[in-house]
Amino acid sequence: MPLPPEHRHPRSTAKIFGHPIHPMLVPIPITCFILTLLTDIVYAETYDQQWATASSWLLAFGLVVALFAIITGMTDFVGDKRVRNIRAAWLHGIGNGVASILAIINVFVHSRDGYTSVVPTGLTLSILTVLIMAVTAWLGSTLVYRHGVGVAN
Amino acid sequence: MRGLALLAGAALALSACGEKPADPSTQVGANPQLPKLNQYLLPPMKLAPVGSWGNNTPAVAPGLKIAALATGFQHPRQLYVLPNGDVLVVESSGPPEPIHRPKDFIIGLIQGHAGAGAKGAQRITLLRDTNGDGKPDVRSVFLENLVSPFGVALVGHDLYVANTDAVVRYPYAGGETRITAPGTKLTDLPAGPIDHHWTKSMVASRDGSKLYVGVGSNSNITENGMEAERERAAVWEIDRATGAHRLFATGIRNPTGLDWEPASGQLWAVANERDEIGPNLVPDYLTSVKDGAFYGWPFSYYGQHIDPRVKPQRLDLVKKAIPPDYALSSHVAPLGVVFNTGAGLPQYRGGAFIGEHGSWDRSPMNGYKVVYVPFSGGRPAGKAQDVVTGFIDAAGKARGRPVGVAIDRTGALLVADDLGNTVWRVTAGR
């Protein structure tokens, strides 16, 4: 017997074979941006350009996947009023928007040549991006594990 | 809050692109004005889309005439005049650059838009104009299957070609229109896998015992790592008998042209300085090349102005850095130099013609012309004068870009145009 509407979980709109896409994508930018911070730190300590180069690729790849995560996340947000009614969903979206803008600026900073492609601005942006993402990732899991967004009924 | 401050800073940095830099004339001569260094999210850039000459020619200074000596080349970069008057046209391009960073991919797209990605024929074409009327009657493939060649020098019956990876010697008896003999390697030169500044300029010493080769840096400012810069950003002195070399002068980022100043007999070079710290930084230059001197790259520019992008910094070396003699203004990209010792252009005697390929990281654009720097007593004497202009048309399209310059048997100025695929010949007008 199906659940009455008031007991059903908020729906995910961007799905593939019944699986929400957004949660499958988000680990990739999160991992990339954490690794960017690590390679930035190693570069700042060693001056070995290979680490700065690694940072630029990690940032660029992380951002490309983040774009798809944003599209699918926005689709889920817009697609069900019950998602929009959750305060954590707003904070999650806005926070990740800010983090993505910082990461975009960081791509440009990392496109500079030499030391100032990382220190101090690039490294600062990498730290801020990771700090914001730590909060937004927590909020994102709140949406699933507490509010059941996208969870099957 | 910190994030917001950074965002505001970013907006400011981006808007700085719209600021107009000081006029290039403030950076021509012995004491160029150097503004404060800037670092950008997106450095100012302006490239001309590719146009064509049609029936037009470049413009020349009063008292001069210009006509095409020959057209239809594949990326002509350098010119060399043999003792019998034959003109060698080096048609060349660099090896493909590996995509090291996401940025390299974007820059490749931008440069392609400006026609800078054109493939050279990797050969040398010979032009023979028997009666000197500016219309060659022989055109022949002189040497082919070369490896990104640039510099050429003849000593006696030995013809040297500076490929990007080696100096190679060919037998030249005199008068041939084609060399088929295999070359003999004299010396390896720094090349791949990364070979960023690939052009190896070359002159022979007056007595023929030495070859001087300009070897450019392997990066803008060491972003490919210091290991990639071994024996680069230097003028090499190669012993012609043994092939042994030493670094004659160092810290010259990209010495793209070398020639002997006729009054003093000293070696002079044109060089391309670093990018992406502002439309008026750093001026490209013409300088005497002093034995054992250090000219700053990468640690400092124009003497001892420290570049913060280089770590670890070497203050011990910065202390030794000397400024170059004569600034040509920023990003003009001088790619060829020749001192005029001929009699064909009497108003330009004794000074240096310089081919300025033109800027990409400056708005408005700079260069795209051939200038003349007058000399007196072995030193530059006065402002650079425009000699050949009009490479950018009224619509802002580049019809051509000057590279190598040479003086032919009749004393006319030859200019290689690697975008217009033409060799221009400038003579005294009536």
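Trainee: How many residue pairs are in polar contact across the interface of chain B and chain A?
Mentor: The rule finds 10, with both residues at pLDDT 80 or more. A polar contact is a pair of N or O atoms within 3.5 Å; within protein, one must be able to donate a hydrogen and the other to accept it, and residues adjacent in sequence count only if both atoms are side-chain atoms. pLDDT is the predictor's confidence in each residue, from 0 to 100.

Trainee: Which helices of chain B supply residues to the side that touches chain A?
Mentor: Helix H1 (2–15) and helix H2 (102–113) of chain B each supply at least two. H1(B) gives the most, with five residues. Helices (H or I, at least four residues) and strands (E, at least two) are DSSP runs, numbered from the N terminus.

Trainee: And how do the residues on that side of chain B divide?
Mentor: Into 11 nonpolar, six polar and seven charged. Ala, Val, Leu, Ile, Met, Phe, Trp, Tyr, Cys and Pro count as nonpolar, Asp, Glu, Lys and Arg as charged, and the others, Gly among them, as polar.

Trainee: How many residues are in contact there?
Mentor: 24 residues of chain B are in contact with 22 of chain A. Contact means heavy atoms within 4.5 Å. The two chains bury about 2,000 Å² between them, 65% of it on carbon and sulfur atoms. That is the accessible area (1.4 Å probe) that two parts lose on being put together, summed over both.

Trainee: How many salt bridges cross that interface?
Mentor: Two, by the rule: a side-chain nitrogen of Lys or Arg within 4 Å of a carboxyl oxygen of Asp or Glu. One joins B:Arg101 to A:Asp113, with the closest N and O atoms 2.4 Å apart. Over all chains, the search finds 23 salt bridges. B:Arg101 lies in the loop between strand S5 (87–91) and H2 of chain B, and A:Asp113 in the loop between helix H5 (87–110) and helix H6 (121–145) of chain A.

Trainee: Before I go on, how far do I trust it?
Mentor: This is a predicted model: local features need pLDDT of at least 70, side-chain atom pairs count only at pLDDT 80 or more, and totals for chains, interfaces and linings use all residues. Side-chain values use heavy atoms, with hydrogens and water left out, residues are numbered from 1 along each chain as its sequence is written, and chains are lettered from A and ligands numbered from 1 in the order in which they are written. The model scores ipTM 0.90 and pTM 0.93. Chain B has a mean pLDDT of 94, and 95% of its residues reach 70 or more.

Trainee: Where does pLDDT stay under 50 in chain B?
Mentor: Over residues 1–13. For that stretch the model has 13 contacts beyond four places in sequence. Keep that in mind for H1(B), which spans 2–15.

Trainee: What's in chain A?
Mentor: Six helices and two strands. From the N terminus the order is β-β-α-α-α-α-α-α. Its C-alpha trace spans about 65 × 30 × 20 Å along the principal axes.

Trainee: Switching to sheets in chain B. What is the order of the one with S1 in it?
Mentor: S1-S21-S18-S17-S16, five strands in an open antiparallel sheet. Two strands pair if DSSP finds at least two bridges between them. Strand S1 (28–29) and strand S16 (255–260) of chain B each have a single partner strand, so one side of each is left without a neighbour in the sheet.

Trainee: How many bridges join S18 to S21 in chain B?
Mentor: Four, between residues 283–288 and residues 326–330, running antiparallel. B:Asp284 stands opposite B:Ser329 in S21(B).

Trainee: And the sheet with S22 in it, what order there?
Mentor: S2-S27-S24-S23-S22 of chain B, also five strands, open and antiparallel. Its edge strands are S2 (59–60) and S22 (334–339). Five bridges join S22(B) to strand S23 (residues 352–356). B:Pro334 stands opposite B:Glu356.

Trainee: What about phi at B:Ala233?
Mentor: Positive, about 50°, although B:Ala233 is not a glycine. B:Ala233 is in the loop between strand S13 (210–215) and strand S14 (234–239) of chain B.
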